[in-house]
Amino acid sequence: MAEFKVDHGQMPDWGRADLPAPPPINFKNILAVVGPGTIALSMSIGSGEWLMGPGLSALYGPTILWITTVAVILQVIFNMECARYVLYTGETCFSGYMRCRPGPKFWGWVWAILGFLHVGWPGWAGAGAASLFAGFVGHLPGAPDKAGLMAFTYLCFGLVVLALLWGGTVQRGLERVSTFIVLWIAFFLIVFNLIFVDAATWWKVFKGFFAFGYIPKGVDILLLGAFAAYSGAGGIGNIFTASWMRDKGYGMGSLVGAIPSVVGGKEIKLSKIGIIFDPSKGSNMTNWKNWWKYLWWDQGVVFGGGCILGMYLCVLIAVAIIPAGMKITGMAAGAYQAEYMAKFWAPLWFLCLFTGFWILWGTQLAVMDGFVRTVTDIIWSSTEKPHVWKSGSKIVYYLALLIFVAWGCIAINLAAPMLLIMIGANMAGFIFIVGAIQQLVVNNTMLPKEVRPPLWKNIGMVCIAIFYGFFMLALVGKQTGWWSLV
């Protein structure tokens, strides 16, 4: 029989193998297989849910939350289309992008630069440090506290690095930390809201998720665009999610290996090129459909449902305890929540700020791993030299991590944490536009017809580019004066 052939673009052809069958669908196996969605959820709660959602809702009311509804639905579609390529090839999406013309060198540099412009600003470590500092000293950090706050910032940044050194594979360690963070956040927010928030506020905030099209007059377009991007994982973070699926062993990812941790990591061979299957052969398509059931659990239920629930619970607190119309931005959102919570019960001051620290620290952890992983995958797939090194993928990963940490220690001092986060958030919107278009091309040209996306998902990818393009145009229009959204 002739070898199954597909268009492999500007990089070498894939290997060939049958698609491994996923575990039988049951509750125990669902808990074992899901995980990338948990990491992405931990990352998404950090800025949109904890900082931007409460700040905008306190100022303009919860009717702004329709943006979250649209953003999360579109991001679930985006994540699944990124996962489609990973499940079929065992490669990350960045390898798929590098297969496009003009080739891997061009697209490797483009995506490395885009990723850096998005998450190369460690604002989450600084914001998390401010929460932790306030929790311990009993007041928000001011000018006299600069040295102490910087010490806390470096401590938080260092703990992120430490967390990435353990866990067998990097993805597994990250998943464990993210699961703990998500469970603690959910417990804290649910308990507080059930005890202190009245039913009328629950209903008022719930309706805000369906107030489609409402845009407040005079709204800060920079903040609104950031909110739209970070109402989920945000830009490059969504593409990271598919890379974690590869290391988790989704689909053909189980045949290509993973990036091992420095401490406790077994030697794992990570393939340079992915492996694909023939859809007409054996039980491959049956296994493909069963993998998608797990994907719906991981992305539709854990990530998508978790993003909506996280935003709901965070905004509930803000609407319930912060006076309507109060202007709060950045860390002030978490600070005001802690201040007003303490009026109900004094220990809530520390618990709220400690929770804020976990939320923001977890986001920094996920984005640091995600960006370093991006650089590693780009180098690993497009160059030859690392493949002759012993533990080559591990060396590339941790060398890239070392460089990122060195830069991060400098960037922490460049601007306020919230400004760093806002810069990245609006870059995320641009990445959605580029990523949606390129993923649409890759999935519809390089994958065989049997596993290509259905029409409704292709339409969804176009909608992503339009949705985030709208906010980018609004921002550019405001800055240049040629168009004003409000």
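Predicted model: local features only at pLDDT ≥ 70, side-chain atom pairs only at ≥ 80, totals over all residues.

Modeller: Arg246 and Asp377 pair through their side chains in a salt bridge, 3.1 Å from N to O. The term means a side-chain nitrogen of Lys or Arg within 4 Å of a carboxyl oxygen of Asp or Glu. The pair links distant parts of the chain: Arg246 sits in helix α11 (residues 236-248) and Asp377 in helix α14 (residues 348-382), 131 residues apart. Helices are DSSP runs of H or I with at least four residues, strands are runs of E with at least two, and both are numbered from the N terminus. Arg246 is buried at 4% relative accessible area. Asp377 is buried too, at 2%. Buried means under 20% relative accessible area, exposed over 50%, and partly exposed in between (1.4 Å probe, protein chains only).

Residues are numbered from 1 along each chain as its sequence is written, and side-chain values use heavy atoms, leaving out hydrogens and water.

The count comes to nine salt bridges. Another joins Arg84 to Glu81, with the closest N and O atoms 3.0 Å apart. These two are three residues apart in helix α3 (residues 66-89), so about one helical turn separates them. Arg84 is buried at 4% relative accessibility, and Glu81 is buried at 1%.

Asp18 and Lys281 form a salt bridge at 4.0 Å, N to O. Asp18 lies in the loop between β1 (15-16) and α1 (27-33), and Lys281 in the loop between β2 (275-276) and α12 (284-321), so the pair ties together parts 263 residues apart in sequence. Asp18 is partly exposed at 43% relative accessibility; Lys281 is partly exposed at 47%.
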